[in-house]
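Please keep the sequence and the 3D view open while you read.

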Amino acid sequence: MPKNARYEAEVDLELSDGTRVTYRGDGVGPDESGDQLLDGVEQAALAEEPGARVISSRARRA
(Lines give C-alpha, C1' and ligand atoms only; values in the text may rest on other atoms or scores of the structure.)
Protein backbone atom coordinates (compact mmCIF):
# COMPACT_ATOMS: atom_id res chain seq x y z
CA MET A 1 0.00 0.00 0.00
CA PRO A 2 1.50 3.41 -0.99
CA LYS A 3 2.37 5.81 1.76
CA ASN A 4 0.58 9.15 1.92
CA ALA A 5 1.85 12.45 3.28
CA ARG A 6 0.25 15.78 4.13
CA TYR A 7 1.44 18.76 2.05
CA GLU A 8 1.13 22.54 1.90
CA ALA A 9 1.87 24.25 -1.42
CA GLU A 10 1.89 27.73 -2.95
CA VAL A 11 2.33 28.69 -6.61
CA ASP A 12 2.77 32.26 -7.89
CA LEU A 13 1.68 32.82 -11.50
CA GLU A 14 1.89 35.72 -13.92
CA LEU A 15 -1.12 35.89 -16.26
CA SER A 16 -0.86 36.93 -19.90
CA ASP A 17 -2.06 40.45 -18.99
CA GLY A 18 0.71 40.86 -16.37
CA THR A 19 -1.53 40.26 -13.36
CA ARG A 20 0.00 38.07 -10.66
CA VAL A 21 -2.00 35.52 -8.68
CA THR A 22 -1.12 33.02 -5.97
CA TYR A 23 -2.69 29.61 -5.54
CA ARG A 24 -2.40 27.98 -2.11
CA GLY A 25 -3.49 24.55 -1.07
CA ASP A 26 -3.00 21.75 1.35
CA GLY A 27 -4.02 18.15 1.40
CA VAL A 28 -2.97 14.55 1.51
CA GLY A 29 -1.26 12.87 -1.40
CA PRO A 30 1.28 10.25 -2.34
CA ASP A 31 4.67 10.44 -0.70
CA GLU A 32 6.54 11.92 -3.69
CA SER A 33 9.95 13.48 -4.23
CA GLY A 34 10.22 17.27 -4.05
CA ASP A 35 10.48 17.63 -7.84
CA GLN A 36 7.45 15.42 -8.43
CA LEU A 37 5.42 17.38 -5.89
CA LEU A 38 6.36 20.76 -7.36
CA ASP A 39 5.60 19.57 -10.90
CA GLY A 40 2.15 18.45 -9.78
CA VAL A 41 1.21 21.64 -7.94
CA GLU A 42 2.49 23.82 -10.79
CA GLN A 43 0.49 21.84 -13.36
CA ALA A 44 -2.65 22.13 -11.21
CA ALA A 45 -2.26 25.91 -10.93
CA LEU A 46 -1.57 26.29 -14.67
CA ALA A 47 -4.69 24.24 -15.45
CA GLU A 48 -6.69 26.94 -13.66
CA GLU A 49 -4.96 29.77 -15.55
CA PRO A 50 -4.21 28.71 -19.16
CA GLY A 51 -1.48 30.83 -20.74
CA ALA A 52 0.05 31.85 -17.39
CA ARG A 53 3.65 31.27 -16.41
CA VAL A 54 5.02 30.11 -13.06
CA ILE A 55 6.94 32.80 -11.18
CA SER A 56 7.72 30.64 -8.13
CA SER A 57 6.43 27.61 -6.28
CA ARG A 58 6.93 26.10 -2.88
CA ALA A 59 5.76 22.89 -1.29
CA ARG A 60 6.47 21.23 2.01
CA ARG A 61 5.35 18.30 4.05
CA ALA A 62 3.07 19.53 6.80
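## A cut-off to start with

A residue counts as buried under 20% relative accessible area and as exposed over 50%, with partly exposed in between. Asp31, with a relative accessible area of 38%, is therefore partly exposed. Please bear in mind that this is a predicted model.

## The chain as a whole

How many helices and strands are there in the chain? The chain has 1 helix and 3 strands, and along the sequence they follow the pattern β-β-α-β. The C-alpha trace spans about 45 × 15 × 15 Å along its principal axes.

The chain holds 62 residues, and 24% of them are buried. Its accessible surface comes to about 4,400 Å², with 46% of that belonging to carbon and sulfur atoms. If we take the contacts with a separation of 6 or more, 60% are between residues 24 or more positions apart.

Strands of a sheet pair through backbone hydrogen bonds, either parallel or antiparallel. Here 3 strands form an open sheet with antiparallel pairing, in the order E2-E1-E3. E2 and strand E3 (53-61) stand at the edges with a single partner strand each, so one side of each has no neighbour in the sheet. On average, neighbouring strands of this sheet are turned by 15° against each other, direction ignored.

Let us look at one pair in detail. Strand E1 covers residues 4-14 and strand E2 covers residues 20-30, and the two pair in the antiparallel sense over 11 bridges.

Helix H1, made of residues 34-48, lies across E1, E2 and E3 and runs at about 135° to E3.

Which residues make up the largest nonpolar core? This core has 10 residues in all: Ala5, Tyr7, Ala9, Val11, Leu13, Leu15, Leu37, Val41, Ala45 and Ala52. E1 and H1 are the elements that give two or more residues to this core, and E1 supplies the largest share, 5 residues. In a regular strand the side chains alternate between the two faces of the sheet.

Leaving aside neighbours within four places in sequence, Leu13 is in contact with Thr19, Arg20, Val21, Tyr23, Ala45, Leu46, Glu49, Ala52, Arg53, Val54 and Ile55.

## Salt bridges

Side chains of opposite charge can pair when their charged atoms come close. In this model the count comes to 8 salt bridges. One of them joins the side chains of Arg60 and Glu8, at 2.7 Å from N to O. Arg60 lies in strand E3 and Glu8 in strand E1, so this pair ties together parts that are 52 residues apart in sequence. Arg60 is partly exposed, at 48% relative accessibility, and Glu8 is partly exposed too, at 34%.

The side chains of Glu14 and Arg53 also meet in a salt bridge, at 3.0 Å from N to O. Because Glu14 lies in strand E1 and Arg53 in strand E3, the pair links parts 39 residues apart in sequence. Arg53 has a relative accessible area of 47%, which makes it partly exposed.

Where does the partner of Arg61 lie? Arg61 forms a salt bridge with Asp31, whose closest N and O atoms are 2.6 Å apart. Arg61 lies in strand E3 and Asp31 in the loop between E2 and H1, so parts 30 residues apart in sequence are tied together. Arg61 is partly exposed, with a relative accessible area of 48%, and Asp31 is the residue we began with, partly exposed at 38%.

Terms used
Residues numbered from 1 in each chain as written. Predicted model: local features only at pLDDT ≥ 70, side-chain atom pairs only at ≥ 80, totals over all residues. Heavy atoms only, no water. Pairing = 2+ DSSP bridges. Helix = DSSP H or I, 4+ residues; strand = E, 2+ residues; numbered from the N terminus. Axes fitted to C-alpha atoms, helices over the stretch in contact; angles between N-to-C directions. Contact = heavy atoms within 4.5 Å. Core = buried A, V, L, I, M, F, W, Y, C linked by side-chain atoms within 4.5 Å. Buried < 20%, exposed > 50% of the residue type's maximum accessible area, 1.4 Å probe, protein only. Salt bridge = Lys/Arg side-chain N within 4 Å of Asp/Glu carboxyl O. Areas by Shrake-Rupley, 256 points an atom, 1.4 Å probe, with all protein chains shown as cover.
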